[in-house]
Amino acid sequence: MDKNAMKKMAAERSVDFVEDNMILGLGTGSTVVYMVEALAKRVQAEHLNLTCVCTSIRTEEQAKSLGIPVKALNDVDHIDLTIDGADEVDANFQGIKGGGAAHLFEKLVATTSTRNIWIVDQEKVVDTIGRFPLPVEVIPFGSQQVFNKMAKEGLNPEFRMTADGQHVLTDSKNYVIDLHLNQVQHPHLLASWLSEQVGVVEHGLFLDIVDQVVVGAPDGVKILTAK
Ligand SMILES: O=C[C@H](O)[C@H](O)[C@H](O)COP(=O)(O)O
C-alpha cells in the first residue's frame, strides 16, 4: 500500500479524538495536512467550537484557509490535545521529529499539551530510533563550531541545505543540522548532551511525550497507547 494512503488513513482516524470546545494543537508535515483537511470537514459539518494552536507557518496557513480558528501559543492558557506527525517512533514511545524542520515549535506545543497523539504510517514504527537523521536546530551564529563539536563526538552531522545550496531555515530563521546516527541506543543521554550545547536551540528527540500513536497500515488503522 502507498505510504501516503497509510498516512491519510491514520490522519483521518485521529480526528475522531477531537471533542467540541477543545483547545487543539496542530502539528506539521504531510500527514498533518491530511489531518487538518479532515478536521476542517468535522468543524464544518458539526459546527465544532475549537481553538487551534499551530506549530508552523505552513499549518497555520492551511488551517486559516479552511476556516479553522487559530490562536498563538502565547494566547492560550492550556492545550487539551495535540495531533502531530512523527518521523520515527519505537515501542517505548520515544520518537524523532523535525524532518520538516518544525520540531522547536512542535515541542513547545506538545509539552504544553495535556495529551499528544502522533499519526504515522507503519514504516515509521521501528525497533530502535535513529535510522532517520536526527534534526537539531541551531542558531546561525557560530553554527560551524557547534557542527565541529558534534563531528568530534562522532555524531555525523550534516547541515540541511536547499537544492540551490542555501541553508534550510526554520520558522525562527535558524539552521538545521541532521545527525546521521543509524541508531540511538541511549536517547535520554544524547538528548541531555545536545541540550547542553551552546547554540543548540532544540533537538528532534521527543522523549516521554506521546500518549497514543495512530498507525496507518495496509490492514487498517492501529491505535497504540503508552503503558
Ligand atoms: O518537522 C516536521 C515534523 O516533525 C513532522 O511531523 C515529521 O517530520 C513527520 O512529517 P511527515 O508527516 O511529512 O512524514
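A residue counts as buried if 20 or more other C-beta atoms lie within 10 Å of its own, as exposed if 12 or fewer do, and as partly exposed in between, with C-beta atoms placed from the backbone. Helices (H or I, at least four residues) and strands (E, at least two) are DSSP runs, numbered from the N terminus.

Colleagues, the structure before you is a predicted model, in which local features need pLDDT of at least 70, side-chain atom pairs count only at pLDDT 80 or more, and totals for chains, interfaces and linings use all residues. Residues are numbered from 1 along each chain as its sequence is written.

Let me start with the whole chain. The protein chain contains 6 helices and 14 strands. Its C-alpha trace spans about 55 × 35 × 35 Å along the principal axes. Of its 227 residues, 45% are buried.

Now to helix 4. How many of its residues are buried? The count is 7 of 10, so this helix is mostly covered. The buried residues are His103, Leu104, Phe105, Glu106, Lys107, Val109 and Ala110.

A residue is near a molecule if its C-beta atom, placed from the backbone, lies within 6 Å of it. The ligand is surrounded by 17 residues, of which the closest are Gly29, Thr31, Gly85, Gly99 and Gly100. Two elements each give two or more residues to this shell: helix 2 (30-46) and helix 4 (103-112). The shell comprises 10 polar, 4 charged and 3 nonpolar residues. Here Ala, Val, Leu, Ile, Met, Phe, Trp, Tyr, Cys and Pro count as nonpolar, Asp, Glu, Lys and Arg as charged, and the others, Gly among them, as polar.
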